[in-house]
Amino acid sequence: MNESIIKTQNLTMGFDGVPILENISFSVEAGEIFIILGGSGCGKSTLLRHLIGLAEPISGEIFIDGLSLTDAGSAQRADILSNIGVAFQGGALFGSMTLLENVALPLEEFTSLPKKAIRLIAQAKLRLVGLGGYDEHLPSQLSGGQQKRAALARAMSMDPRILFLDEPSAGLDPITAAQLDDLIANLAKILGVTFVIVTHELASVFTLNGRVIMLDKNSKGIIAQGQPEELLKDRSNPMAWQFFNRSLKES
Amino acid sequence: MGYAKSKSGVSLAKMRISYDKDALRIVLRGRLDNYRAAPVWRKVLKLLAKRHTKPIHIDASGLEYADGSGVALLAYFKEYGQKNDLEVKIENLSQNISSLLDSYTENPPVEAVKQPESLNLIERIGQSSMALAGDAVEQIIFLGRLTLATAKTIFTPRRFRAGDFFRMCELTGANAIGIIALLGFLFGLIMAFSSAMPLRQFGVEVYVADLVAIALARVLGPFITAIIVAGRTGSAFAAELGTMKINNELDALKVMNLDPAVFLVLPRVAATLLMTPLLAIITNVAGLIGSGLVILSLGYSLVTYTSHVQNIISMTDISIGLFKALVFGATIGAVGCFRGMQTKSGAGGVGVATTRAVVTAIIMLVILEGIFSVMLHYLKI
């Protein structure tokens, strides 16, 4: 747990040259659950899009497993991408494919495994997220929570070293959200992969119990970091303290 | 945390199978990951395709690493054992692979969650007929709503969304002038050229002007224009309204007590109704220019060509053509909006709605053209 698998250095991000977040530096250790927390519009998802290489920073650098994502050529980029899996907020499952086909797609494209083996592996992944028996279902036949689970199974398809999850429990009822958070915490324990999770749900933060960085829209940066229990008591940053305590009361 | 390792290792996955009198013995070695497990998987699938009666003992002491594919392979052995009531013993498995295997196998294979049963031929025919009848009913309801919306707007004109109407006129009319003029010109040119060659054999090629002019004014001008508008604008309406439906924008209008027919459909139908005749005029003019070029190239003068055109076309012909274009335009707009509002969920739904908008519009155009032909024949105009 002492090697940094993700490292950002003075990262400034935004759109059309207008920064949303400035000088963001942090590192994520291999095997930990790392939570990016913040209110709406603070740039959580923007940061995630940069970490997974979907957007170019205005300045600064991102290193994944020691390789620079910002300066990566196509081969290095492919190498980095083979080590990450992403579950998007809305699931982003391919609507014309069954769940099994969604999960099997990367295995079919990037490995030489026999078709039956791919099918068995994909079935196992679906069972791992509690969707055994839903192999032949289309995403449109699933509930929101099931779609998020299926997206998680697809993200795990190639056994990546880092899993990025964007608002995994957003838009779900509290019980389904808690079940999904428990599943993620359990998977983190079993698989030992690094989880980077973007959320604004405080209940999830405590269930997942990972290291938190909290972003703020006004200061365009990280205003607090640490374990959830520490942040709950830490009064050094009034904004963070208020976010934690008020949200907790409300939830 | 040994599970997650880079794929950049060197040791290959290997499997040795041996049979003795007590058991089928398998030794696994190396790294069983997505990139290296393929040969082992092939062997295992072949091996377990047969029915075994002896217990299976797997020695995993040499297994350095297993990811999802490796663990799924071990799980497959276990499931084979359960299914065939056979002892499958996996020995010397490292702690982290073992706990991962437990998590793979602790949720036992679940029976497939029931999908709706597929229908037989007769049931399918019945279902399609019901769908067709339902579609016809929906079309009538839509037409009724549209008529009601038009009546409401006539009595309270301030309800009409003039801004949207002008934007739609620009999209439907002004932005289509280039393509309409080009296709009209080419169509006139091709029609004149194709008919001039056979007519030349009889020395009456100058009548190409009459043929093209009358065909364009009465039938082809409005029809070609309508086909282009259906492909270009009808599909765009369906896609736009379909996306709005998926984003719940139509529901939002309804709960705000705003009638989607007044708010969305009417400006669009009014725009296609008004713009299609204007575009038909451009098609006719461009077509006549195209055919004129052919006549000039055959050695006739411009005066001869224009006098033939003037003599053959009457105001009635032009009016008939423009009236047809008016009806075609309204039909295309209404069909595009109707199909858009019928969109089912998902990105594919918009595609289906767009296709149906174009296909329905073209079928309707052909039917309407047929009705017009019969009517004009009996009215003797």
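## Terms and basis of the model

Two strands are said to pair if DSSP finds at least two bridges between them, and the helices (H or I, at least four residues) and strands (E, at least two) named here are DSSP runs, numbered from the N terminus. This is a predicted model, in which local features need pLDDT of at least 70 and side-chain atom pairs count only at pLDDT 80 or more, while totals for chains, interfaces and linings use all residues; side-chain values use heavy atoms, with hydrogens and water left out. Residues are numbered from 1 along each chain as its sequence is written, and chains are lettered from A and ligands numbered from 1 in the order in which they are written.

## The mixed sheet of chain B

In chain B, 4 strands form an open sheet with mixed pairing, in the order β1-β2-β3-β4. Because β1 (14-19) and β4 (88-91) of chain B stand at the edges with a single partner strand each, one side of each has no neighbour in the sheet. On average, and with direction ignored, neighbouring strands of this sheet are turned by 15° against each other.

Strand β3 (residues 56-66) of chain B runs parallel to β4(B) and is joined to β4(B) by 4 bridges; Ile56(B) has Val88(B) in β4(B) as its bridge partner. Helix α1 (residues 38-47) of chain B packs on the sheet, where this helix touches β1 and β2 (24-32) of chain B, contact meaning heavy atoms within 4.5 Å. The direction of α1(B) makes about 25° with that of β1(B), where axes are lines fitted to C-alpha atoms, for helices over the stretch in contact, and angles run from 0 to 180 degrees between N-to-C directions.

## Domains of chain B

The domain assignment, which is automatic or taken from a database, divides chain B into domain 1 (14-106) and domain 2 (150-379). The C-alpha centres of these two domains of chain B lie 68 Å apart.

Chain A has an open sheet of 4 strands with antiparallel pairing, in the order β2-β1-β4-β5, and its edge strands, β2 (18-29) and β5 (67-68) of chain A, each pair on one side only. Strand β1 (residues 4-15) of chain A pairs with β2(A) in the antiparallel sense over 8 bridges, and Ile6(A) stands opposite Val28(A) in β2(A). Helix α1 (residues 44-51) of chain A lies across β1, β2 and β4 (59-64) of chain A and runs at about 120° to β1(A).

Elsewhere in the chain, strands β9 (residues 211-216) and β10 (residues 221-226) of chain A pair in the antiparallel sense over 5 bridges, with Gln225(A) in β10(A) as the bridge partner of Ile213(A). The hairpin of β9(A) and β10(A) has 4 residues between the strands, and Lys220(A) takes a positive phi near 50° in this hairpin.
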